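Here is a short note for a colleague who is opening this structure for the first time.

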Amino acid sequence: MVRVTVDPLTRVVGPLRLDTEVDENGIIKEARSSNMIFRGFERIYRGQDPRDSILLSQRICGVCPVAHSISAVNALDELFGVAQSVPKDALVSRNINQGLNTISNHLLHFYILWGPDLANPAYGDVLSTFGDLGGSVWKELLGRFAPISYKIGGEVIPPGSSYVGVIPMKKRLHDAGAVIGGKMPHQTVMYPGGVTNNPTTSDIQTLSSIMSEVIDFLNTNAIRMPFEDWVENTYKASSPKKAVDFLIEHLNDLIENSLKTNDLSRSNGWGDVELYSAFGSELIGERLLGLPISFKHDKMGGYGDLSKVGFLSYGGFYNVDHEGYDPTSPSGERFQTSGFMSSSLEYHKFDSNKVTESVKHAFYDDYDGYKHPYEGTTEPFTDSDRINYQNFSEEKYTWAKAPRYDGIPCEVGPLSRLLIMKEPLVTGLVQMFQENGYSPFNCFTRMIARMQELFIITNEMIKWITTDLDPNGKFRVDIDMSTSRDSRGMGLCEAPRGALGHWLITDSNSKVANYQIVTPSTWNLSPRDGEGVPGPLEQALVGCRISAVDNWLGVDFSNPTGILHVGRSYDPCITCAVHTIDLTGQNPPGTFRLL
Amino acid sequence: MSEGNTNSDSSVNDLDFLRMDWHKFLKARRSGGGFKLLENYKNDTPGDYDFPVTHVLWIQGAQCTGCSESLLDAANPELLKAFEILNIDLERHEAFLAQQGLFVDGEPANTSELNSEILLDEISERGNYILMVEGAIANGPEGSGKYFMSGNRSSKEMFKKAARNADLIIAVGTCAAYGGINSANSDIVDILDYRGVAFTKKDPSKGILKVLGIDKPVINIPGCPPHPDWIIFTLSAIISGNIRIPDDLPEVLDEFGRPKVFFPPDYNVHKDCPRKEFFKNKEFDTCVGGEKCLLKIGCQACLAHADCTLRKWNDGHSYCVQAGSPCIACVEPDFPDNARPLYSSKKCKTGKEADR
């Protein structure tokens, strides 16, 4: 066995350590995910005005701050008893804030955090054995995804067009975030009962114009067919099969047009999503389209035992047909519905009481079994000698707790959301992989789901901005401070990276008695639980071949692209993941009742 | 540039980014736009940039990546253009670059082209770079720094390595400058023991540099996050040679290490507030969503030494107060404790300051 450790896994937010044991064939046999930071965040709310969490929670994550402010404000809406009466236009405004941030996050992930791995020199080595076509693919990968300050073998590689192009686009999305939300990162407008500002007609024009730029960007870089045609034939397809057939036919046409010249450029129709869809997957690229080579990302990042994983969504974006919303996010209530999907694609209604956590493998003194976030008690190690993670024999190896839904580790994020909302393209792809003997939930489907969600949210944003947002509408209802005495609130939302929950309880002085946050990355990067079942990312690493293209040129332990791809496919955020804490354990079990 | 050479407001070549008065700076920026200000600076022919390469090593401690996100929002010029003009070589940054920490059987593997930890060692041993720090540095528990580990070392060790041979340290954001949200008051703040680079909150004896016994020139660019202009123009002033490090720093920085041109000691976010007439007439909003003065719902603008009101955020589109939200004075060393509770009137000194 060879010990291969990636520490830190960069191009994520915060320090993440992925530790693996790899056999002589280059296959990962055991994996551990360690979140290496402890900030004690929730403690700063204790004894303070609960409204402070709207602005301060955003400081947990500067990449997806809006999601934290929405979870915080959802918890406050319930705390103040106004969730059912938040005006429709305020919900639209919140959706637009969140939509802009989601688009920005997904673009950042695909182009800056994930993309550079496709320019890893290992791909150059493999592709060089596939003649002119291989050379063309490598030229495109480098030309699009190379990061800044990049060198291969001492040779300076100029930054890729997609990498460079996305920075001004992200800037424009933050400009739009400032128009509707005051500033970005860390917007300022969320408030219980609504939002603090009224957008003007001119604001709406600016937002529309920036959304046109987003569509232009997507059409120039991501997908080289009219944006509307893509949405119409995939997201709005009448069946999952039709959506997949459309994608395959489209890729087939592109390949036929490029066979003789090996011209895989954008001007010849190959957007980034098209290029990745054709060459990222063995099943689609090699078996269905007849290409001689693919990156085989559909053969990594899947789950070996499908009985030990599920898919969870709390429900994303408010339904803006009416005022108010239900803080428990029942099935069908949000634009992206809540739910739990088993790995056999069986849908179950979401029930927040089924969320529990274990600390058996985290740097906290044990409690028995599992606890709901409202009950959260945690005694972290304050003796530095006890904080060790270097050996696989250590029982405790991370600052993240292990959240479970009905006892099951859950993947959260775009793949889960799109499966649960029965999005045709992603559902169809997952079914196709399953029918052909592949793990249906793999690196490839995870990445395609993220990009497909980018298109869906962009499409919906246009409706929210141009149809739903009324500058003469009502943007808030007043709150009565006295209603926050001895109260509680649960704030559920879908951050770009997945299910995000804030749980808040106040005392008789309207001050915070307990505040708990369970973030998407706590789910995805969870350690083993009380039964020793690994978290989703840990499961997804086992069985993965560590070197490029299924160890095509043999095993290179020193360039473990498999670990890099699988780890980054979840879009990890470590600074988010380690906040589910109550350092001094001052609140004994039973202080807080379960909902 | 010499102090006598201040004859014209209009010529960009007369601009002395950090030494000048903030009025003059903003005026010049508005007339030329940031891009022209930089592009034409000391260049007879636009595009003919002659700055020697400046190496930048960027490390992240306990942070949210909001400062890096804000830097990506740079406008006029956009970020990569600014780097090109200033000839900045961003050699290492955990969020944007190719490398990661790679270990095989516990030993560092591969080369600095793919391994971020080997790269860090190579750069820090070579020297000749500006160190930019994002996030607070963990000192806890018990001085071990183990509340933040990365690449088999604590952020304290990582910082020590990176700081030792740096020519200058720029603490980007309130966390790196003063501890920020990581040092917010709570019953566990002393156990956590997060530190800013040269200060923790207002205390210069508690910076991580003091703990490590390292003495380096430091510029603080606070803000949660900082405005990208503040970062880019500070780099411009240094790279253009206007500011000699460390000799000129006492003149251009305030008592908390901030460039006075962006964080003027005699100016604050309240002074040019579009809602100021309401303040003068003592008309105050008591709940959000109104158009009057926000002082009674927590606004800390009069204690916030920054130019947000005139500069505005995100390419001039808006800022906190314009969006109906109270200023929380995120550029101040004691943020966020200074501004809490965020949505309630702070009776003590706020009103007095505003009246000044």
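**Notes on the predicted model**

1. Strands β3(B) and β4(B) pair in the antiparallel sense, over two bridges. Two strands pair if DSSP finds at least two bridges between them. Phe103(B) stands opposite Pro108(B) in β4(B). Helices (H or I, at least four residues) and strands (E, at least two) are DSSP runs, numbered from the N terminus.

2. A word on the basis. This is a predicted model, in which local features need pLDDT of at least 70 and side-chain atom pairs count only at pLDDT 80 or more, while totals for chains, interfaces and linings use all residues. Residues are numbered from 1 along each chain as its sequence is written, chains are lettered from A and ligands numbered from 1 in the order in which they are written, and side-chain values use heavy atoms, with hydrogens and water left out.

3. Which strands make up the sheet with the order β3(A)-β2(A)-β1(A)-β3(B)-β4(B)? Five strands in that order form an open sheet, with antiparallel pairing. Strands β3 (28-35) of chain A and β4 (107-108) of chain B stand at the edges; each has a single partner strand, so one side of each is left without a neighbour in the sheet.

4. The two chains join within this sheet through β1(A) and strand β3 (residues 102-104) of chain B, which pair in the antiparallel sense over three bridges. Thr5(A) has Phe103(B) as its bridge partner in β3(B).

5. Now the whole interface. The contact (heavy atoms within 4.5 Å) takes 94 residues from chain A and 76 residues from chain B. The area buried between chain A and chain B is about 7100 Å², and carbon and sulfur atoms give 58% of it. Buried area is the accessible area (1.4 Å probe) that two parts lose on being put together, summed over both. In chain A, Arg39(A), Arg59(A) and Lys171(A) lose the most area to chain B, together 9% of what that side buries.

6. How many salt bridges link chain A and chain B? The count is four. Each is a side-chain nitrogen of Lys or Arg within 4 Å of a carboxyl oxygen of Asp or Glu. Lys170(A) and Glu69(B) meet in a salt bridge at 3.0 Å, N to O.

7. Which element gives the most to the side of chain A that touches chain B? It is α6(A), with twelve residues. By class, that side of chain A has 45 nonpolar, 27 polar and 22 charged residues. Here Ala, Val, Leu, Ile, Met, Phe, Trp, Tyr, Cys and Pro count as nonpolar, Asp, Glu, Lys and Arg as charged, and the others, Gly among them, as polar.

8. Chain A also holds an open sheet of three strands, β18-β19-β20, with antiparallel pairing. The edge strands are β18 (488-495) and β20 (512-518) of chain A, each pairing on one side only. Strand β19 (residues 498-506) of chain A pairs with β20(A) over six bridges. Trp503(A) has Gln516(A) as its bridge partner in β20(A).

9. Helix α2 (residues 65-79) of chain A lies across β18, β19 and β20 of chain A, at about 150 degrees to β18(A). Axes are lines fitted to C-alpha atoms, for helices over the stretch in contact, and angles run from 0 to 180 degrees between N-to-C directions.
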